[in-house]
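Hi,

Here is the structure I promised to send over. Have a look at it first, and then read on for what turned up.

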Amino acid sequence: MQEFKDEKGNTVVISTDTPDATPNIAEAHLRYIRPCPKRVCPAEIVIKDEDYYVTAALTREQLENLLSDGLKLLREFDKRPVEDLEVE
């Protein structure tokens, strides 16, 4: 069993007995991706979580993985028939 604390200091427990269990953590939103100003990494992402922003630098490998995964998601999305799209 692993124990983690969320951004508010509340304890979130993830049990290895139930690998499909999802912790009850508030949803955060990706705001944007931009060049890293320190030139150590190629990019950084900015995530908004309730009232504050979190910035994280991405290494070259992390950025490549993010882009690769994003392209896979887009390809799968584009394969779906128009009838399956949810329009609000």
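Val-87 is exposed because its relative accessibility is 75%. For that label, buried means under 20% relative accessible area, exposed means over 50%, and partly exposed is in between, with a 1.4 Å probe and protein chains only.

Some housekeeping before the rest. This is a predicted model, in which local features need pLDDT of at least 70 and side-chain atom pairs count only at pLDDT 80 or more, while totals for chains, interfaces and linings use all residues. Residues are numbered from 1 along each chain as its sequence is written, and side-chain values use heavy atoms, with hydrogens and water left out.

Now the overall layout. Of the 88 residues in the protein chain, 14% are buried. The chain exposes about 7,800 Å², with 53% of that supplied by carbon and sulfur atoms; the areas come from the Shrake-Rupley method with a 1.4 Å probe, and for residues only the protein chains shown count as cover. As for contacts (heavy atoms within 4.5 Å), take those in the protein chain between residues at least 6 apart in sequence: 8% of them join residues at least 24 apart.

Next, the charges. How many salt bridges does the count come to? It comes to three, where a salt bridge is a side-chain nitrogen of Lys or Arg within 4 Å of a carboxyl oxygen of Asp or Glu.

- Glu-44 and Arg-34 form a salt bridge, with their closest N and O atoms 2.5 Å apart. Glu-44 is in strand E4 and Arg-34 in strand E3, so this pair ties together parts that are ten residues apart in sequence. Glu-44 is buried, at 8% relative accessible area, whereas Arg-34 is partly exposed at 32%.
- Glu-64 and Arg-60 form a salt bridge, with 3.4 Å between the closest N and O atoms. Both lie in helix H1, four residues apart, or about one turn of the helix. Glu-64 is partly exposed at 43% relative accessibility, and Arg-60 is exposed at 62%.
- Glu-76 and Lys-79 meet through their side chains in a salt bridge (3.3 Å, N to O). They are about one helical turn apart because three residues separate their positions in helix H1. Glu-76 counts as partly exposed at 48%, while Lys-79 is exposed at 62%.

On the aromatic side, the charged end of Lys-48 sits over the ring of Tyr-53, 5.8 Å from the ring centre. The rule for that is NZ of Lys or CZ of Arg within 6 Å of the ring centre and within 35 degrees of the ring normal. There are zero aromatic pairs in the structure; rings of Phe, Tyr and Trp (its six-membered ring) would pair with centres within 6.5 Å, counted as stacked with planes under 30 degrees apart, edge-to-face over 60 and tilted for the rest.

Two backbone spots might interest you. Arg-39 is not a glycine, yet has a positive phi of about 60 degrees. Arg-39 is in the loop between strand E3 (29-35) and strand E4 (43-49), and is exposed with a relative accessible area of 76%. Glu-50, also not a glycine, has a positive phi of about 55 degrees. Glu-50 is in the loop between E4 and strand E5 (52-58) and is partly exposed at 38%.

Last, Ala-57 in strand E5. Ala-57 counts as partly exposed, at 43% relative accessibility. Which residues is Ala-57 in contact with, leaving aside its neighbours within four places in sequence? They are Cys-36, Cys-41, Ala-43, Glu-44 and Gln-62. Ala-57 and Pro-37 are 20 residues apart in sequence, with 9.5 Å from C-alpha to C-alpha.

Cheers
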